[in-house]
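Okay, hi everyone, thanks for coming. I'd like to walk you through one part of a fold today, so let me put it on the screen.

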Amino acid sequence: MAAPHASVWWATLEQPPSPRAPLNADLDVDVAIVGAGFTGLWTALFLARHDPSLRVAVLEASVAGAGASGRNGGWASALYPVSFSRIEASHGRDAVLRLRAALQDGVTELDEVARSEGIDFDYERGGSVALARSEVQAARLHAELDDQRAHGASDDDLVWLDESAARARCAASDVRGALFTPHCAAVHPAKLVTGLADAVVRRGVSIYEHTSVTVIEPGDGWRRPRAVTERGSLRAEVVVRATEGYTPAFPDAKRSVVPLYSLVVATEPLPSSFFDRVGLAHRETFSDARHLIIYGQRTADDRLVFGGRGAPYHFGSRVDPAFDTEPDVFSKLEATLVELFGEIPADIAFRWGGPLGATRDFSPYVRLDRARGLAVAGGYVGDGVVLSHVAGRTLADLIVGATSERTSLPFVGNAPRDWEPEPLRWLGINAGLLAADLADRREAATGRPSGFARVLDRLHGD
Ligand SMILES: Cc1cc2nc3c(=O)[nH]c(=O)nc-3n(C[C@H](O)[C@H](O)[C@H](O)COP(=O)(O)OP(=O)(O)OC[C@H]3O[C@@H](n4cnc5c(N)ncnc54)[C@H](O)[C@@H]3O)c2cc1C
C-alpha cells in the first residue's frame, strides 16, 4: 500500500497498517462517522465503550490516519488555541478552570485509554519548554506566565526557568530563560491513529477506506440523516463530520474552517553525543516565542522532528497533496534547526506537511443537532492531538445522551461565524502570515516588539 503522506511517522510504523475495503452498498447503522482521524476514531471508540451494541461505521476517503492525525508534530499538549482571557470574558472563570483541568487530564487520559486498548505510541511525558531567545521573547513569555497565573495556573502547571535551568532542558542558542510546563508528552502520532483504528475494529466498529463522502444529508421528521458516497450510503441516527482541514469541500461548510498548512522535517537518528550537548533528556517538546510558530520533539528513536507555519493559504480553501511540499519553508525550517542547535550531525531524511483546521476566531467546536441527526467536531488549529481526544469523548457523551464534566465545556455548542468569502479570505490570511514573519524579522533586527504582531491579534479576535 502506498503511504498516504511522506512523514517520518508513517515510514517508521513497525508494521504496515491493515488495508480495509471500501463501502459498496447502502447500509443502516446507528452512528456514521465521516473521517478516520483522531476525532472520528476517538468518537467511535468511546461510543463502542459506552454501548457495545451500537452499530458504528467510519467512512474514510483515504486510509485511517491519512490526514493531520498521522502526520503532525507529535505534541500531546494541554494547549488551547483561544486565550483563557477571551474564554473568561465569554463563559466566565469557572469555565476556564474546568477547561484547563479537562485539557491537563486529557494529556494523561490519552495515554491511559490508548494503553488500555493495547496501543504503544512512544508516549513520553517530558513536558514542554518555550524558550526565550531574546529580551522581547522573554518579556512575551513572562506576560504569558502572568496571564496563565491569572487564569488558575499554579507552579505545578507552569514555571519560569532561568537561563541555566532552561539550558539544562534544551541548550539551544541565545537562551535567556524558558517557560516550562509538565503537561505535554512527545508521541508517535501514526502509531496512535493506526492503533486506534485497529482498536475500534476489535470493538465491532466497521471502517470503510477509500470511501469519500460527497454529501451529508440532514434528517428531518421522517427520514434519518445519510452519508452519501459514490458506491453506497450509510443511513444512521446520527452522522458525525470529523474532517477538520478537509471540511470546506462540503458545500454547506465551505467557510466554516480554513485549512492552514503546517510543514515538518525530520532528521535521521542522531548520535547520543548530540543529545549530551543539547539536552532534551526527557524528550521535552520545544519551541521559542517567535510569532510564526515553530515546534520540535526528540523522537523515541533519537531523531529531531521539527515543524512550523509559514506555508501559504491556498485560494478557495483548497487542499491538495502538492501543498504538502514548499521548498522555501523546508529550507527555512532546516536553517532554523541549525540556528538553534548548530551543526546537526545527521541528514534531513523526511519533509512533509498537511492541513490543520481553523475557525474564524480560532475557537474549537463540538456540536450535536439531535433534530437533524448531525454532529461535528474540530477547529483545533495546531493543538488537536489531545483536544481531539477530549472532543471525541465529549461527542460520544452527547450522542448517547450522557451528562459529564465534558458536556458543558466551552467548545460544546460553539458556532463561530463563517470566514469571509474570497478573495478577502486569501488576502487576510496571507497578510497575517506575512505580518508574523515581518514581526519576527523586525524584532530580531531591533530588539523591540513589532507593531506587525498586533495585526495578527486582530485577525483572530484576541
Ligand atoms: C503538520 C501538522 C502538525 C501538527 N502538529 C500538532 C502537534 O504537534 N500537536 C497537536 O496537538 N496538534 C498538531 N496538529 C493538529 C492535529 O494533528 C489535528 O488537529 C488533529 O490531528 C485533527 O484530527 P481530526 O481527526 O479532526 O482530523 P484529520 O486527522 O485531518 O482527519 C480527517 C480525516 O477525514 C478524512 N476525510 C476528509 N474528507 C472526507 C470525506 N469527504 N469523506 C471521507 N473522509 C474524509 C481525511 O482523509 C482524514 O483522514 C498538527 C497538524 C499538522 C497538519
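So, strand 3 and strand 9 run parallel to each other, paired over three bridges. If you want one spot to look at, find Ala 57, which sits opposite Ser 206 in strand 9. And keep in mind that this is a predicted model.

Now, what does strand 3 do on its other pairing? Strand 2, residues 31-34, pairs with strand 3, residues 56-59, again in the parallel sense, over four bridges.

Which way do the side chains of strand 3 go? Val 56 and Val 58 point one way, while Ala 57 and Leu 59 point the other way, and all of them are buried.

Okay, let's zoom out. There are six strands here, making an open sheet in the order 9-3-2-13-20-19, with mixed pairing. Why do strands 9 and 19 have a side without a neighbour? Strand 9, residues 206-208, and strand 19, residues 365-369, are at the edges with a single partner strand each, so one side of each has no neighbour in the sheet. On average, neighbouring strands in this sheet are turned by 15 degrees against each other, ignoring direction.

There's also a helix packing on this sheet: helix 10, residues 384-400, touches strand 2, strand 13, strand 19 and strand 20. The direction of helix 10 makes about 15 degrees with that of strand 19.

On the helix 2 side, the contact includes Phe 38, Leu 41 and Trp 42, and on the helix 7 side it includes Val 193 and Leu 196. How do the residues of that contact divide up? Eleven are nonpolar, with no polar and no charged ones.

Key:
Residues are numbered from 1 along each chain as its sequence is written. This is a predicted model: local features need pLDDT of at least 70, side-chain atom pairs count only at pLDDT 80 or more; totals for chains, interfaces and linings use all residues. Two strands pair if DSSP finds at least two bridges between them. Helices (H or I, at least four residues) and strands (E, at least two) are DSSP runs, numbered from the N terminus. Axes are lines fitted to C-alpha atoms, for helices over the stretch in contact, and angles run from 0 to 180 degrees between N-to-C directions. Two residues are in contact if their C-beta atoms, placed from the backbone, lie within 7 Å. A residue is buried if 20 or more other C-beta atoms lie within 10 Å of its own, exposed if 12 or fewer, and partly exposed in between; C-beta atoms are placed from the backbone. Ala, Val, Leu, Ile, Met, Phe, Trp, Tyr, Cys and Pro count as nonpolar, Asp, Glu, Lys and Arg as charged, and the others, Gly among them, as polar.
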